[in-house]
Amino acid sequence: MLLFRFAVFFLLLAAGVCFAFYIGTGQQRYRTWGIKILKWTLIAALGFFGVLILERIL
């Protein structure tokens, strides 16, 4: 559980760094990487919390 929280935190931090690089440099690749990292982080987090909710219900 703690490991997953750290993973989500660091992935969100990595997406933030990518967006900061995009703002600083204007290169499209950093924006693309940031969006990809953010998208998969949110999908994983929603899946994880969905499992936790189902576990509480059942």
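Biologist: In which hand does α1 cross α2, left or right?

Modeller: To read that, you look at how the near helix is turned relative to the far one. In this predicted model, α1 passes α2 in a left-handed crossing.

Biologist: At what angle do α1 and α2 pack, and how far apart are their axes?

Modeller: The angle is taken between the N-to-C directions of the two axes. Here α1 and α2 pack at about 160 degrees, and their axes lie 8 Å apart. An angle over 145 degrees counts as roughly antiparallel, so α1 is roughly antiparallel to α2.

Biologist: Which residues of α1 and α2 meet there?

Modeller: From α1 you can pick out, among them, F4, V8, L11, L12 and A15, and from α2 partners including W33, I37, L38, T41 and F48. The residues of this contact split into 18 nonpolar, four polar and one charged.

Biologist: And how many residues does α1 have, and how far does the helix reach?

Modeller: You compare the end-to-end reach with what 1.5 Å a residue would give. Helix α1 covers residues 2–25, which is 24 residues, and spans 34 Å from its first C-alpha to its last, close to the 34 Å expected. Just after α1 comes G26, with a positive phi of about 80 degrees.

Biologist: Which residues of α1 are buried?

Modeller: For that you check relative accessible area, and buried means under 20%. In α1 the buried residues are V8, A15 and C18. What covers them includes α2.

Biologist: Is T41 buried or exposed?

Modeller: T41 sits in helix α2, residues 28–57. Its relative accessible area is 4%, so T41 is buried. Leaving aside neighbours within four places in sequence, T41 is in contact with V8, L11 and L12.

Biologist: What about G16, is that residue buried or partly exposed?

Modeller: G16 belongs to helix α1. Its relative accessibility is 36%, so G16 counts as partly exposed.

Methods
Residues numbered from 1 in each chain as written. Predicted model: local features only at pLDDT ≥ 70, side-chain atom pairs only at ≥ 80, totals over all residues. Heavy atoms only, no water. Helix = DSSP H or I, 4+ residues; strand = E, 2+ residues; numbered from the N terminus. Buried < 20%, exposed > 50% of the residue type's maximum accessible area, 1.4 Å probe, protein only. Contact = heavy atoms within 4.5 Å. Expected span 1.5 Å × (residues − 1). Axes fitted to C-alpha atoms, helices over the stretch in contact; angles between N-to-C directions. Parallel < 35°, antiparallel > 145°, perpendicular 65-115°, else oblique. Nonpolar A, V, L, I, M, F, W, Y, C, P; charged D, E, K, R; others polar.
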